[in-house]
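This briefing concerns the arrangement of domains, helices, strands and chains in one model. Please consult the sequence and the structure shown below alongside the text.

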Amino acid sequence: MITELGHFALILAFLVACVQAVVPMVGAQKRWPGWMAVAEPAATAQFLLVLLSFAALTHAFVTSDFSLRLVVMNSHSAKPMLYKISGVWGNHEGSMLLWVLILALFGAMAAWFGGNLPPSLRARVLGIQAMVGVAFYAFILFTSNPFLRLAVPPFDGQDLNPLLQDPGLAFHPPFLYLGYVGLSICFSFAAAALIEGRVDAAWGRWVRPWTLLSWVFLTIGIALGSWWAYYELGWGGFWFWDPVENASFMPWLLAAALLHSAIVVEKREALKSWTILLAILAFSFSLIGTFIVRSGVLTSVHAFATDPERGVFILAILVIFTGGSLTLYAARAGVMQAKGVFGVVSRESALVANNILLAVACFVVFVGTLWPLVAEMLFQRKLSVGAPFFNMAFTPFMVLLGLLLPIGSMLSWKRGKLGRIFRQLVPAMLLALAVAGLFWTIQTGRSLMGPIGLALGTWLVAGSVTDILSRIGQSRDYRRLLRLPRADWGKAVAHAGLGVCMAGVAGLMAWQQEDIRVAQLGEPFTVGAYEIELQDVQRVQGPNYFSTMGEVAVREDGREIAHLYPEKRDYPVAKMPTTEAAIDYRFLRDVYVVIGDQQTAGGWTMRVYIKPLANWIWGGAILMALGGLLSLSDRRFRVAAGARKTVPAKGVPAE
Amino acid sequence: MTGLGMLRKLAMLLALVLAMGTVLPGPVLAVQPDEMLDDPALEARARELSKGLRCLVCQNENIDDSNASLARDLRLMVRERLVAGDSDEEVVAFLVDRYGEFVLLQPTTGGWNWLLWAAGPLLFVLAVVTGGIYIRNRSRAAPATEAGLTPEEKARLEEILKG
């Protein structure tokens with residue numbers, strides 16, 4: 001019964017979205033206030049209906065209703081509750097439902113907080129948002145319906161892929177989707193502005209918070225996924241340049257570019273048509289990502305529910321929205337005139353450089369991801385484009401970005417003075433060079449990557465500190481730091497986060513130590529500065545798996561510093577083994593222990609890694625997200641958002 | 001309810017017992033101790049080469065990280081060639097001969113692949129030129145355009161002032 005209600009609510013949401021996609025658009029064109037006003041209640045109704053539908057599906061998973069095909073395929077009665085819930089989006093149909101739920105949520109949020117928008121712009125934004133919605137409701141209802149019943153319900157389900165039964169991965173998709181789909185609002189704003197033929201500082205101010213929010217969610221989502229790969233896949237890789245990872249990375253790069261170029265629109269009324277184009281591209285890349293994951297055109301670890309029919313459907317959505325908006329852009333972009341005038345050395349120019357580097361980096365990832373497809377179709381060559389290519393082709397642009405960032409972020413608007421900034425940045429520069437020199441001399445392997453990465457990280461962190469300190473001027477009145485706008489703090493924290501992240505990536509890749517061997521019980525061996533001893537191995541039974549659990553002591557200078565329990569699990573229902581690495585997390589390094597098979601000659605296969613600075617990668621990502629949130633809480637957005645309180649402030653409803 | 005719960009527990013138990021009877025494929029960890037060469041220099045070369053070779057049945061994984069049995073075969077093949085005295089290039093050429101360029105994670109620059117490698121730098125140059133022209137135009141634009149309203153804006157301003 002509840003399932004049918006959910007199904008019905010989804011169909012109703014589809015119909016509401018159809019109305020919302022047409023009526024406000026016509027109203028905005030004809031200047032009919034009544035028709036425009038339809039958008040807001042429609043957006044709210046649409047959200048509530050999808051929420052109901054999503055709740056119904058969640059109910060089916062939680063109560064293990066095996067009359068539902070989707071629950072049978074992806075759940076099991078013995079599965080822990082957390083994974084019964086995360087199982088809702090751990091499959092194609094359910095994740096698409098989450099997709100439209102978030103799409104409707106962002107539409108509703110634009111309706112609730114958009115009280116200060118001109119009515120015609122708001123009507124158009126919500127109308128375009130609903131058009132995207134219509135396409136995806138149709139996709140779900142006609143090709144991927146999660147509410148299909150089975151005539152003969154089986155006794156129990158087939159369980160969720162055990163790799164997905166993990167706290168890190170339970171929350172990875174929702175965050176990623178919040179980011180992906182959040183960019184739809186920027187897209188709607190861009191398309192609406194093109195129809196209106198008007199982009200001004202106010203537009204930049206409205207779009208920026210949405211971009212920031214999406215970017216923060218994407219950052220968290222990608223970091224969670226990467227952290228999961230690190231501890232779950234068993235060898236501590238954190239990024240594989242897999243097509244699906246790239247699919248989430250490309251919108252992230254473009255969202256980062258967009259949130260910087262929107263500043264130029266907001267403050268200086270320049271870069272307008274480029275910013276519009278970026279907003280269109282950022283969401284288009286989200287759609288491309290969805291297409292890559294769902295169509296199976298590029299094989300990948302992540303691809304689920306690969307189905308040509310679905311792929312063609314999403315390709316059609318992609319072509320219609322990207323093609324349509326780009327056509328609109330070509331027709332209308334000329335209307336927008338830049339107003340701000342600025343010198344060659346200025347913050348504006350620095351942000352242009354930022355956009356060039358981020359966009360080109362995104363392009364490199366895009367070309368590399370699609371090249372195997374292109375080569376096969378056009379040149380009949382079956383080839384692979386893997387990590388070595390991306391590391392080589394992508395990294396230079398990021399290094400350049402890191403080098404320029406502290407300088408560019410301190411330049412003043414309109415006309416900056418390089419000499420003054422260089423003088424202020426001398427300490428940061430010297431510190432970075434000293435770090436590079438120090439690590440160049442003490443490291444064992446003579447790779448340049450470690451010293452360069454650490455120097456870049458130092459340069460970025462010290463540059464951010466210099467930037468913040470420069471804001472209090474010569475007064476040395478540190479209390480003024482607390483009164484600085486939060487956007488300034490956000491900027492410094494996020495930029496420092498990028499530095500921490502870069503240092504982490506370089507440190508881990510340059511100085512990782514590895515040891516593979518057959519370990520005998522009670523016979524210690526040394527790896528790097530540590531002594532490792534496998535003390536015991538036991539068979540343990542979990543709720544829906546068996547485990548072979550080792551007990552490992554880690555000693556440093558004869559003193560035990562950690563006791564680790566690496567596991568090897570077998571999930572009998574899903575018929576799949578997983579490795580659960582045991583990690584001793586420390587600030588400067590992780591000790592990463594994996595247990596393998598028992599050897600016939602006695603002993604167990606063991607892999608031990610020393611991973612320097614591993615946590616910095618995710619720590620940096622957290623700092624970046626935190627910086628984004630700080631910036632988002634800046635007064636000027638709150639003022640902009642709450643300028644006209646037509647809606648009682650009730651915040652974002654909890655899901 | 002309790003009856004159903006009991007049944008479910010029984011089913012789970014049954015599944016567990018069945019699973020114990022059958023042999024589950026254990027997660028064969030990537031590089032195994034028994035595969036490794038005694039000569040550390042040779043082994044290091046093997047590891048480095050493995051990182052650039054694709055496990056053909058996997059999805060975008062190199063043979064060094066992969067758990068697949070084919071990846072193990074390839075790893076052993078790499079080591080065999082190295083022990084036989086092949087240079088790094090010869091080992092790679094041997095594998096490309098057998099499995100095609102699909103096995104290379106780092107694509108060659110041959111044929112149209114130069115476009116793949118040049119795409120980023122080319123776009124970068126193009127973007128820098130375009131961006132440079134844009135910045136030059138902005139720095140030379142008459143600041144007068146900032147002042148003054150367009151006729152529509154004037155009309156709108158009047159509208160707002162009246163309203």
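Predicted model: local features only at pLDDT ≥ 70, side-chain atom pairs only at ≥ 80, totals over all residues.

Residues are numbered from 1 along each chain as its sequence is written, and chains are lettered from A and ligands numbered from 1 in the order in which they are written.

**Domains**

- Chain A is assigned domain 1 (1-160), domain 2 (166-332 + 349-368) and domain 3 (514-614); such bounds come from an automatic or database domain assignment.
- The centres of domain 2 and domain 3 of chain A, taken over C-alpha atoms, are separated by 38 Å.
- For chain B, the assignment gives domain 1 (33-103) and domain 2 (113-162), and 52 Å separate the centres of these domains over C-alpha atoms.

**Helix packing in chain A**

- Axes are lines fitted to C-alpha atoms, for helices over the stretch in contact, and angles run from 0 to 180 degrees between N-to-C directions.
- The crossing of helix 9 and helix 19 of chain A is left-handed (the near helix is turned anticlockwise from the far one by less than a right angle; if clockwise, the crossing is right-handed).
- Among the residues that make this contact are A:Leu212, A:Trp215 and A:Trp227 of helix 9 of chain A and A:Trp618, A:Ile622 and A:Leu629 of helix 19 of chain A; residues are in contact if their C-beta atoms, placed from the backbone, lie within 7 Å.
- The contact of helix 9 with helix 19 of chain A has 15 nonpolar, three polar and no charged residues (Ala, Val, Leu, Ile, Met, Phe, Trp, Tyr, Cys and Pro count as nonpolar, Asp, Glu, Lys and Arg as charged, and the others, Gly among them, as polar).
- Helix 13 (residues 347-379) and helix 14 (residues 387-410) of chain A pack at about 170 degrees with axes 10 Å apart, which makes helix 13 of chain A roughly antiparallel to helix 14 of chain A.
- In that contact, 16 residues are nonpolar, three polar and none charged.
- The axes of helix 14 and helix 15 (residues 418-442) of chain A come within 10 Å and cross at roughly 135 degrees, and these helices are therefore oblique to each other.
- Helix 14 of chain A passes helix 15 of chain A in a right-handed crossing, with A:Pro406, A:Ile407 and A:Met410 meeting A:Ile421, A:Gln424, A:Leu425 and A:Ala428.

**Strands and sheet in chain A**

- Four strands of chain A form an open sheet in the order 1-10-9-8 with antiparallel pairing; strands pair if DSSP finds at least two bridges between them.
- Strand 1 (513-519) and strand 8 (582-585) of chain A are at the edges with a single partner strand each, so one side of each lacks a neighbour in the sheet.
- The average twist from one strand to the next is 15 degrees.
- Strand 1 and strand 10 (residues 604-612) of chain A are joined by seven bridges, and A:Ala519 is opposite A:Trp604.
- Strand 8 and strand 9 (residues 589-598) of chain A share four bridges and are joined in a hairpin through three residues.
- Strand 6 (residues 567-571) and strand 7 (residues 576-580) of chain A pair in the antiparallel sense over five bridges, with A:Thr578 as the bridge partner of A:Arg569.
- Four residues lie between strand 6 and strand 7 of chain A in their hairpin, where A:Lys575 in the turn has a positive phi of about 50 degrees.

**Contact between the chains**

- In the interface, 49 residues of chain B are in contact with 55 residues of chain A.
- Helix 5 (113-140) of chain B is, with helix 1 (2-21) of chain B, a supplier of at least two residues to the side that touches chain A, and helix 5 of chain B gives the largest share, 13 residues.
- This side of chain B has 30 nonpolar, 13 polar and six charged residues.

Methods. Parallel < 35°, antiparallel > 145°, perpendicular 65-115°, else oblique. Contact = placed C-beta atoms within 7 Å.
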